[in-house]
Amino acid sequence: MDGVEIIPNREECLRLMGEYGMLENIISHSLKVAKVALFLSVELNKKGQKIDLGLVEAASLLHDLTKTQCLKSKEDHARTGCQLLKKMGYERVGEIVARHIWLGEESNPSCVCEEEIVNYADKRVMHDRVVSLKDRFRDLKERYGKQGRTEDYMDHLQDETFGIENKIFLILQSTPDDLPLP
Ligand SMILES: [Fe+2]
């Protein structure tokens with residue numbers, strides 16, 4: 001199977017989401033993130049990008065797979081989600097999940113990767129609604145502030161996310177407001 005990427009299909013993702021006891025609201029959030037991520041990927045591919053749609057869909061659906069448990073254990077769900085998925089053999093999906101909160105690496109300015117799409121789509125969906133980055137970060141700053149995250153941490157994350165947004169919409173030659181709402 002060398003060089004062949006194993007990606008769970010939608011049905012398998014939905015099964016896993018049930019099996020791991022994800023909270024209903026996190027499931028609804030993930031379904032919407034997948035919708036936004038796929039929309040962006042299709043549009044970006046029309047502009048010559050080579051985004052793997054199956055990979056984007058799986059990683060979007062599974063990006064918060066371990067979040068429900070982590071709410072109690074206080075573990076980092078990007079890390080535990082990645083570990084779990086890699087253990088299942090879903091190496092690439094795991095890599096994308098690992099970077100869904102922080103991208104953390106300089107990106108290629110002319111090429112959008114699956115990591116960036118899932119990271120960005122997650123930031124545009126508040127609960128199960130499409131919102132602007134500005135609104136989403138206002139909400140995140142409130143919630144994470146209560147968990148002791150510093151303002152500096154959130155500002156960095158916001159800068160990183162706006163960087164992805166600029167790149168995506170420069171390639172799409174459209175604006176973030178053009179994302180279809182709910
Ligand atoms: Fe998450």
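User: In this predicted model, why is helix α1 called roughly parallel to helix α3?
Analyst: The axes of α1 (residues 10-19) and α3 (residues 53-62) cross at roughly 10°. Angles under 35 degrees count as roughly parallel. So α1 is roughly parallel to α3. Their axes also come within 10 Å.

User: Which residues of α1 and α3 meet?
Analyst: From α1, R10, C13, L16 and M17. From α3, E57, A58, L61 and L62. Contact here means heavy atoms within 4.5 Å.

User: What makes D64, H77 and H100 donors of the iron ion?
Analyst: Distance and atom type. The cut-off is N, O and S atoms within 2.8 Å of the metal. D64 (OD), H77 (NE2) and H100 (NE2) lie 2.0 to 2.2 Å from the iron ion. They therefore qualify as donors. Their spacing in sequence is D-x12-H-x22-H.

User: Why does the pair H77 and H100 tie together separate parts of the sequence?
Analyst: H77 lies in helix α5 (residues 77-87), and H100 in the loop between α6 (91-98) and α7 (114-124), so the parts tied together are 23 residues apart in sequence. Both H77 and H100 are buried.

User: How do you know whether Q173 is buried or exposed?
Analyst: Its relative accessible area is 64%. Exposed means over 50%, so Q173 is exposed. Q173 sits in the segment after α9 (151-172).

Terms used:
Residues numbered from 1 in each chain as written. Predicted model: local features only at pLDDT ≥ 70, side-chain atom pairs only at ≥ 80, totals over all residues. Heavy atoms only, no water. Axes fitted to C-alpha atoms, helices over the stretch in contact; angles between N-to-C directions. Helix = DSSP H or I, 4+ residues; strand = E, 2+ residues; numbered from the N terminus. Parallel < 35°, antiparallel > 145°, perpendicular 65-115°, else oblique. Donors = N, O, S within 2.8 Å, 3.2 Å for Na, K, Ca; no water. Buried < 20%, exposed > 50% of the residue type's maximum accessible area, 1.4 Å probe, protein only.
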